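Dear colleague,

Please find below the structure that I am handing over to you.

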Amino acid sequence: MAHYPTVIEPKLRGFTAHYSTPEELIEAAKKAREVGYSRLDALTPYAVEGLVEVLGQRDDRVPKIVLTFGVLGALGGFALQTYVSVFDYPMNIGGRPNLSWPSFIPITFECGVLAAALSALIGMLMLNGLPRPHHPVFDAPEIERATDDRFVLFIESEDPQFNAGETREFLKGTGALSVQEVIS
Amino acid sequence: MSQVVHDQEVSDTGQEQLISAEHSNASLTSKIGDIVLKQPSPKQWFVALGFGLIGLSGLLVSIAWLLYKGVGIWGVNIPVGWGFAIINFVWWIGIGHAGTLISAILLLMRQRWRTSINRLAETMTLFAVMCAGMFPLLHLGRPWIFYWLFPYPNALGLWPNFRSPLVWDVFAVSTYFTVSLVFWYVGLIPDLASLRDRAKKRIVQVAMGFLALGWRGSASHWYRYESAYLLLAGLSTPLVVSVHSIVSFDFAVSIIPGWHTTIFPPYFVAGAVYSGFAMVLTIVIPLRSWYKLRDLITIDHLDWMARITLVTGLIVFYGYLTEIFYAWYSGNVFESFMMANRMAGPYSPLYWSLIFCNGIAPQILWWRAARRNIIVLFAMSLIVNIGMWLERFIIVVTSLHADFMPSSWDMYTPTFWDILTYVGTIGFFLTGMVLFVRLLPAIPIAEMKHLLHQKMHGHSHEPEEAKA
Amino acid sequence: MEKGNKVNPADETRGPSKMPEPRRVTISELRDRLKNGDPGVWRSLEEIADDEEVKAFLDQEFPRHTAPWMGEMDRRQFLRLAGASLALAGLAGCRIRPIKEIVPYVKAPENLVPGIPKFYATALTLGGYATGVLVESHEGRPTKVEGNPEHPASLGSTNALTQAMILELYDPDRSQALTRDGRYVTPATFESDVKARLRRQIATGGDGIRFLSPSGSSPTVERLFARLQERYPKLRRHYWDAVHRDSVYEGARLSFGRPLEPVYRLDRANVIVSLDGDFLFEGPGSVRYSRDFADRRRVRKNSPAMNRLYVVESTMSVTGGMADHRLALRPSEVEAFAAALRSAIRDGASGSDAHGAFLSAVAQDLIANRGASVVIAGESQPAAVHALVNEINALLGNYGSTVQWIEPVVNPESRLESIRELTADLQDGKVEMLFILEGNPVYDAPVDLQFGEAVRRAGFSVRLGLYEDETSARCRYHIPMAHELESWGDSRAFDGTASIQQPLIEPLYNGVSPIKLLAMLLGDERSEREIVKETWQLAGLGGSAFDDVWSATLSKGVVPNSAFVAEDVSVSPFTAATSRASSSLEVRFKPDPTVFDGRFSNSPWLQELPKPFLQATWDNVMMVSPRTAERLGIEIDLSAVVVGGLAPVAELTVGGRKVKGPVWIVPGHPDDTVTVTLGYGRELAGRVGNGAGFNACQIRAQEGSWFAPASLALTGEKAQIALTQHHYSMENRGIVHEMEIGEYGHEEHDAAHEEMSLYPDREYDGNKWAMVIDTTLCTGCNACVAACVAENNIATVGKDQVIRSREMHWIRIDRYFDDLDNPRYVHVPVPCMQCENAPCEVVCPVAATTHDGEGLNMMVYNRCVGTRYCSNNCPYKVRRFNFYKYTLYPGTWDEETPVTKLLRNPNVTVRGRGVMEKCTYCVQRISAARRRAKKEGRPIRDGEVVTACQAACPTQAIVFGNWNDPNARVTAEKTEPHHYVLMEELNTRPRTGYLPRFRNPNPALKEAR
Amino acid sequence: MPQVFNAKSNVLARATFLVAGLLLVVIILAGMYMTPYTHRTGIALDQPAPFSHKHHAKELGIDCRYCHTGVEEAPYAGIPATEVCMTCHSQIWTNSPLLLPVQESYLKKIPLRWNKVNKVPDFVYFDHSIHIDRGVSCFTCHGNVTEMNLTFKTNAFEMLYCLDCHRNPEEFLRPTDQVFNAKYEAPPNQNDLGRRLMEQHAIDTKQLENCWVCHR
């Protein structure tokens, strides 16, 4: 994920190139990678299969997080019930044994699911660096169409290869509908 | 951006139409987005809101009176300690199941027809669960100490009794609500972003922007987002099943004839889906005409839902038959009396109308014509809703009013306040749905675009397993 | 939490002990009383301490005679003086934890330790006949009545009415001030007025003075009357009881030439025949008779035998329900049966009439048990029947063994005659001064006398009564009467045994006892106590050692060997021709099983007690047999799954007089007979009793004051009656095991098939509480229910709530019958079963109901959130729920009546709204016993813990104790061969068990039942 | 334009989430630890007369039972009647203004109205006598009143407080003759002593945890 300073004096942050189909975007992204650009980002109105692979930004940590928390949640749930009814205040309830584990299953399960689900949400947001209401790219002209019908490639000025002139030319070369400066 | 509004039923060409061909990404955004941003609400919307608010105020009045006087204002008594409150609870929670099921299970099964209705279904779930959650609280003798049902450290050194199905309920229902909410919200994030970017009014921009958490559709974000969404779906699926199973345990775990049955969990889950789909139909059918969405929520969607309704309906009916079989086969005097009493006792008219609503009537859905006839479908959905309510009434009341000790048998008759509370929750539900339709995108924009894309390119990016 | 549950033990049950009372004794006098440490005055001890304070409050707060109804005043009192018992004044605040006040005595009463209840012996009377009781008192608040084991009429048990008298004491609707023509006047005004008039009477020798009172057996009252008679020789006394025993004494006159009182020794009888006599439930000695009857019926390993009971009756009575053989006849047919029975026994003539088989079987059985049998005639049957029965008993040689005759305990004068004369005199204007002590003649005198009108003719009329009722309304003066628990007195039991009545509390409502009033008329200034004491001194009690004997008597509750000696009698055979049975439909009058003759109309406890066989509350109904109902076109389906309480209304006509009321079908009731009970349709009973039911007295004339020809017609209207049971068939669920005595011991109940649980059993070492209820002995008299209500602060909920099936009784008596026309009834008292595998506990989400180490199924009210799940899951449906705040005074939801708080048992939580409650095996008593035992370093003894229901039960059908104690009675009962538990197949392992209902049918009548 | 918010809002947004999360925990813990405060422990209430236990019980060495007479036989320890105060104060300090309310009460026969310092919660049935009998000292629950000038509550009688002792009595029990002794020091081997006493009194902790020991 990209890192941006939050200090604000307007300067060139990079270029955005707009495409009308995901296929064109993927093509362009491939080229950019070949040329050697590394600080890339692609903004699309819906998930485009295969894009992260092209950009080399694939990240599979979410499932692992979810699994871990799911298991922890379930264990926690069972532990709580056992602690309460066996150690803290054991009671004779309807002649059942203190550790009447069959009765503990439903809650154990629910706790697992709850923890897993929350971790999925929070994990996903944190990895995505969200919430992040302010972002330089939002200052790009026409960028709002990235959530509508445009597929946008964004090359950052941080990129070692970045050069205002060349980069713009390169992007034009990829058959973009338009190339915009991102000044923020 | 072209202002496309084409609302005709998609022509019935043998292969299924889940979205009319004329749509483009832009048209989708504008069409769905503008319901929230531009379009003035149709008058039916205000009528619906009006009814909703009337019901809602009824609910508030009845709750106030309840807290002032006590549960005595209801028809409950000894032996029938549970009445409308629990009946409605189970009814609502059942309705609340279609949402997550449609979104989650159908997502996993790559059922593309889910896409345009899942948001509505999920929202329905949220409000239905809220309605459901109200009842167990209100039916307490001392509602102000409901929190004793939660395990938290306290100066009494006391905890809930984890052997009680009611505590399972607390966990199940609250978990279900939380997860549904998360699922619903995650699905909403990208659409909120596009509304943010589309909105002209500052206030709307801020509101949507705040909720969108600064979503910008970056590729890596989309990737994590997709996996999280899929995982949530994977979690919700067993959750849906567990929740209504646990609700059924409220009865199955007890020893009351008519409650103490192993068939309950599966047949409650089926019943839940059954009533859930019925309710989706009840809502979607008017909505698609009010907002001219016949091209997005197509007749094929309705057909699909009708099929599911039929299938689950059959399972439920099977449940009834097994109950009868048990009563006879067990040779248990209490069981057999209970069944005989349902069929011939003082509540038999309700039992037989239940059999009609849930057993006989749905058979009409075997016919394609019926499934694709809006009127029939709408009527059918209402009948099912009524039927499922009756089912819960039969289960709760007829089992309790004549159980073990003949000396304690007595009738249950609801009071005015029982009914007002019930109607009130329907008002609450209606209000919620109506406001949602106005304030948030009722159809998932991003997903529709995805669907459109797949449609154009013959699902070129469709993973293998989907075709299999 | 308290916010939701305003009624908490703090401000409710640990309430104050102090009552407002007028200053009536001088400090110095009380000091003297203290000095001689007389146990009799224990009660006034702490009043002494607080007299001054109370007075202070009264004086500054309220002028004495201006409070029409002192509920409000009691409440303030209550708040201010709370704490005399070290309790908190109930300043229920909304703040989280308000600072509460604690108010100690100024001067601590001696021998009173706050928090430790004391028991005092006294006696309570019904119809003049005393039942000895022990009254529990908490810091001076009487809270519970127990039977006095020393007393022959009680032997430790009581009936429901006696239990409820404690509530009568506190009833806020009791009259509270002296009135003239309905306006409050000072006692002084009255005193001068009456004395002036009395002086004028001296000249005429008191010719114009009349007293009217119900039966009384108080020697002191008699003595005072004697003294009045000396002063006014022509003074006349009259008697009236709605439930009178004229025929008993008249029968005795026919047989022996003088009025005598029968006393039965049922413990000596093998065969008992009752001719319309409800001796187990009504009339003098019924509690004692129940005990003796039961002792010969208790089937156990060591005595597998039982007596046999034949009942011939003209209604459906508690005794009839116990019969081994029962014959239902119209009231007027009984006489013929008696005559036939006589001849069958005298001349061996086999009965030729309709009931021949039955009759000759009975006759044979009686003859076979000469001297060990008894025939009992009911007070509702004419003198002829009594005469015949007297003769039969003589023929059977039962005198001296099972039947004894003693001098009448109450005045034997004919009540009908007596009131007839009085009315006549009133109409002739002969009566210048009329004193009506107790009773309520305007309401219940024979209607054709129009007594109410006549009273107005009296120049001057005074009424002494607990309530300002129908009679008071017709009198010049009304004087609030002191309750028996508020005043000194004495009375005799059914066998003549005398008891001294001592007050447990100063009069709550400025009441005056009859003794006090008479003394005043005599100008005797002494205290009641002194007068009563004098009576017994003169009677030569204890001779020289009087003072010691007196104190002993007070603490024991019985005057030593004061029972009447049996008279030698010789019977003259009954020759008169027996009257013919009428052919028409007949009405049969009966005292109501709960409100009796109307004196308890304002008692919510009794109003809500389900009437035997009817299971109806808050109403009286016209009872008819199924066949009669069919004939009249009455449609009530008693076999319905749920029998609603919607009853057709009918008009009952007797001698041209009409009354309307709901009709109900009672299987076993004789055909062509309508039973109506007295005591309802009151107009001035109080907030609870007003308007309930219909007034049977309106059709009850001098002729046929017990039964008369009548006609019944449906009006087409319907009336809702409040039933507590809606299904009367056991549906073959083996709730009661019915057996014949012959089957005892066969097919031993095997304890083998019990291990049915996957879970290991819980061990119960130490105490293991258990209960056994013998259904053979349960007569269904409701004493246990009333006792439970009194002990456990159980709320009454009112007719409306009972109709909605929300009654609160912790123990209920289920009644089942097997057949409509010739039914056999069974009664099953059902308290909490205290299951070891309690289904209710498992489902409670907050663990408000759990098990303790002694196997008790605990219910913690303050933890309960009120899901009602436990009740749903209870197979026995013994749990009760507070759907509203039922602690408010019954029938009126809008106001609280603080005085009734004083009645509450401080050791039992008063349950608030939204809380589940149930039988606890009287855990407060167990706890008290446990603490006592621990302090003494010993285990709890068998019989040390007695539950309220067990104590009250007249037949001792309930046994409670420690199952782990091999020598405990309960253990023995548990090992009885036929012991069983309800619905064993559910494997709930109840601690409450039952013994089967044994019957002892006459082989000759097997098929006839 | 999508750039709706300024740069600061990023930090703000994340902070919001954290705070919301923490709040929940705080509330629950507060519930636990506020209890003693709501019970007014350590706060001396104003009373009609400024009675000093320190003076009477310590300096004058008057035994608890002289005033609290019921404590050995009854559920209630008992608050002394005015006359008890007057047994001494009719002789000494007769003209002390502090004693005016007491004298007034005695003469006018109007009871004193003290503010309750120690109170078990509602719905609890507490019996002093049985505790005294088993060797639970006054001072175990009421704190060392002999050091209090104005009486205050040292312990919040919450259920957990009672359970502590009902679960492990051995930590608190004294020999019965030491129950009223304010100067008593628990021996180092308190737990052994406690266990011995428990045997001696046949104290069964299983039973002591039963609801119906306190709630009826």
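In this model, which is predicted, 64 residues of chain A are in contact (heavy atoms within 4.5 Å) with 57 residues of chain B. Together, chain A and chain B bury about 5,300 Å², and carbon and sulfur atoms give 68% of this area; buried area is the accessible area (1.4 Å probe) that two parts lose on being put together, summed over both. A:Tyr46, A:Glu110 and A:Thr147 supply 13% of the area that chain A buries against chain B, more than any other three residues.

One salt bridge is counted between chain A and chain B, the term meaning a side-chain nitrogen of Lys or Arg within 4 Å of a carboxyl oxygen of Asp or Glu. A:Asp59 forms a salt bridge with B:Arg224, with the closest N and O atoms 2.6 Å apart.

Chain C also touches chain B: the contact takes 57 residues from chain C and 60 residues from chain B. About 4,700 Å² is buried between these two chains, 60% of it on carbon and sulfur atoms. The rule finds one salt bridge across this interface. The side chains of B:Asp403 and C:Lys877 meet in a salt bridge (2.7 Å, N to O).

Residues are numbered from 1 along each chain as its sequence is written, and chains are lettered from A and ligands numbered from 1 in the order in which they are written. Local features need pLDDT of at least 70, side-chain atom pairs count only at pLDDT 80 or more, and totals for chains, interfaces and linings use all residues, while side-chain values use heavy atoms, with hydrogens and water left out.

Yours sincerely
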